[in-house]
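Student: Please take a close look at one part of this model, the surroundings of its sulfur atoms and the side chain beside them. What can be said about that part?

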Amino acid sequence: MSNSYTLIKGTVPLLISMPHNGEALPSDIAAIMTPKGHEVADTDWYMNRLYAFALELGAYILIPKYSRYVVDLNRDPDGVDLYPGANNTELCPTTAFDLSPLYQAGCVPSAKQISERVERYWQPYHQALASTMQAIKAEFGQAVLLEAHSIRSEVPRFFEGQLPDFNFGSADGKSCDPELISALADLDYAPYTMVCNGRFKGGYITRAFGQPEQGFHAVQLELSQRTYMNEQAMAYNESLALQVQPKLAALVSTLISFALKNANK
């Protein structure tokens, strides 16, 4: 077990990965970052708290310790853009979502430093992802991965206006069985809004691990933070969370049901 992530083992063929939930900054990296960098403001806040119910449902859960500002676990280690032509954040981000610099002058990570971060932080997380998915498939014959993300409802750098509340991504249908994304789309999300393969189609992890022809199904959910947080204060709102959690529980249960129905086929 690496000290850079926590893996909670489950009893059903679903792994929930939360690659942007980490908040920690290693001291050597924090020392060269700006005050804005220290805020780690672009964290997918409180994902483990919001999805705590999934433990009772038997899901495996994988959570990193370190912030996406250290290295983005949901980016190609070779630095390939997720959305060519759009505004993308780097493998090792140098600016926050609001374009504020994350590093002091002259301290942007070098190619060598980026490579070291990939080896130290990115690779262990991805090794855990791969080995856990393989173990689940070996036991059940199918393995489903839910990439659990969240983002502020308004981020002009990436999209205009207000984002829908539930944003599912399946790499335009390539990362999971069509039956699975259809089942998710048919759930009742009211009063929330929902879209499939809109602005967010699934990041590197969804695209890399979603191999439905091999029995590996991956779906990303980018949840608007306005559904469970006071966004400006970056604070968890228990009242809002209690309203959205039944919707999340329904979709997690749908993922589990799909996997169990197709187990050992």
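Cysteines and a neighbouring arginine

Tutor: The cysteine sulfur closest to that of Cys196 belongs to Cys176, and the gap of 9.1 Å is too far for a bond. The model is predicted, so local features need pLDDT of at least 70 and side-chain atom pairs pLDDT 80 or more, while totals for chains, interfaces and linings use all residues. Numbering runs from 1 along each chain as its sequence is written, and side-chain values use heavy atoms, without hydrogens or water.

A disulfide requires two cysteine sulfur atoms within 2.5 Å, and the structure holds zero of them. Cys196 is partly exposed, at 28% relative accessibility (buried is under 20% relative accessible area, exposed over 50%, partly exposed in between, with a 1.4 Å probe and protein chains only).

Cys176 leads on to Arg207: their C-alpha atoms are 9.6 Å apart, although 31 residues separate Cys176 and Arg207 in sequence. Arg207 sits in helix H7, residues 204-209 (a helix is a DSSP run of H or I, at least four residues, numbered from the N terminus). Like Cys196, Arg207 counts as partly exposed, here with a relative accessible area of 35%. A polar atom of the Arg207 side chain lies 2.7 Å from the backbone oxygen of Gly202. This is a polar contact (N or O atoms within 3.5 Å, one able to donate a hydrogen and the other to accept it; sequence-adjacent residues count only if both atoms are side-chain atoms).

How values were computed: Helices (H or I, at least four residues) and strands (E, at least two) are DSSP runs, numbered from the N terminus.
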